[in-house]
Amino acid sequence: MEDAPQEGEAPVTTTAPHANAAEIVASLPLETRYPAFPLRQYAGFWLAETTVKAAVPLLHARLQPRPDDVLIASFPKSGTTWLIALAFAALNRSEHSPLAGDHPLRHCNPHDCVRFLDTELAFAKNTADMDTLMDELEALPSPRLLATHLPHSLLPERVMDESFGCRIVYICRDPKDALVSLWHFTKKAAPAAVVDAQSFTFQEMFELFCEGRCPNGPQWHHVLQYWQESVRRPDKVMFLRYEEMLREPERNLKKLAKFMGCEFSDEEEEAGVVRAIVELCSLEKMKNMEVNRSGSTKLGVKSESYFRKGVVGDWSRHMTPEMAQKLDKIVRDAVDGSGFTFASLA
Ligand code: PAP
């Protein structure tokens, strides 16, 4: 989390959908209680102001998806880092053996192995930097590994195009655990300049989350949109659950590779390649790598802040039963009748 672009530095004039987002941003509902950055309510979601101003319009105007792109999508703190690592290791395994000592994931935070569309644009300092980012995206060789925290309804239409659209892999996590993870991350990753982050209480985070007033919230609407799209277009949108991945990492990695078009062969499985990737990307391994213990990602986020406990049910150490019941009810009411449910609410 770095300083936001200066006011008025990111005007994007184009006729694409959301082209006027930068002009109307100041008139949108504002939430300043989230300490890392101001949020604006836009198209039903609470997004970083810079995401509304810059990332959404620019992606709609310029992103050219390719059918062999893999777009990792998630609500923040749902297992994104892990999924990026697994997808990167699987896609690039012929060039980088997961057993090799010089594997890129041993030297780079997973976030530096992927292009994070909305986040990178939201962090860009000015229009020139944003243009450079878009040019870099265009110049990347295929297959590209991209990532986003944007809700499905805010992705450019082209991403869903039957001929040109790309594959999306979404990871979903229990809302209560995502909330706890977001609170820890907000306090740990925020730059020192954001003084309020240290005094930001769990109760404050809880209230914001319940109101959907957190980055990319409401979480349950984010999840529901991608789930519905995965039901509508299962060949293009894969829906994974963090809890299931923790339970059966190898099975889920094999499913992921098949979906991405790089299925593991029997020979590879026998040679232990699947196991080696799961091990390379395990929380234990990643957390203890020097590159993830110190320093920052290219966006200036402390590397270590992406790796904490990685368990199911940590919420019970932070929430009273009443808090859990309150959030469960909000989520249950919101997804009721959709056919979707979170495992912990089933
Ligand atoms: P992001 O949205 O900022 O990229 P994201 O990676 O989605 O964050 O979420 C971080 C969570 O994933 C952390 O959960 P926790 O706070 O409940 O512990 C982090 O520990 C967990 N995580 C990170 N890497 C892994 C991994 N390799 N395996 C399992 N969980 C992981």
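**View 1. The cavity search.** Searching the whole of this predicted model turns up 1 cavity of 30 Å³ or more. Here a cavity is a set of points, on a 1 Å grid over the protein atoms alone, where a 1.4 Å probe fits but cannot get out. The largest cavity holds about 50 Å³ of space, the volume being that filled by probe spheres set on grid points joined across faces, edges and corners.

**View 2. The lining of the largest cavity.** Arg 115, Phe 116, Leu 117, Glu 120, Leu 121, Leu 133, Met 134 and Leu 137 line the largest cavity; lining residues have an atom within 4 Å of a point. At least two lining residues come from each of β5 (115-116), α4 (117-123) and α5 (127-139), elements that are DSSP runs numbered from the N terminus (helices: H or I, at least four residues; strands: E, at least two). By class, the lining has 6 nonpolar, no polar and 2 charged residues, with Asp, Glu, Lys and Arg counted as charged, Ala, Val, Leu, Ile, Met, Phe, Trp, Tyr, Cys and Pro as nonpolar, and the others, Gly among them, as polar.

**Notes.** Residues are numbered from 1 along each chain as its sequence is written. Local features need pLDDT of at least 70 and side-chain atom pairs pLDDT 80 or more, totals for chains, interfaces and linings use all residues, and side-chain values use heavy atoms, leaving out hydrogens and water.

Terms used. 1 Å grid on protein atoms, 1.4 Å probe; cavity = no way out; pocket = protein on both sides within 12 Å on 5 of 7 lines; lining within 4 Å.
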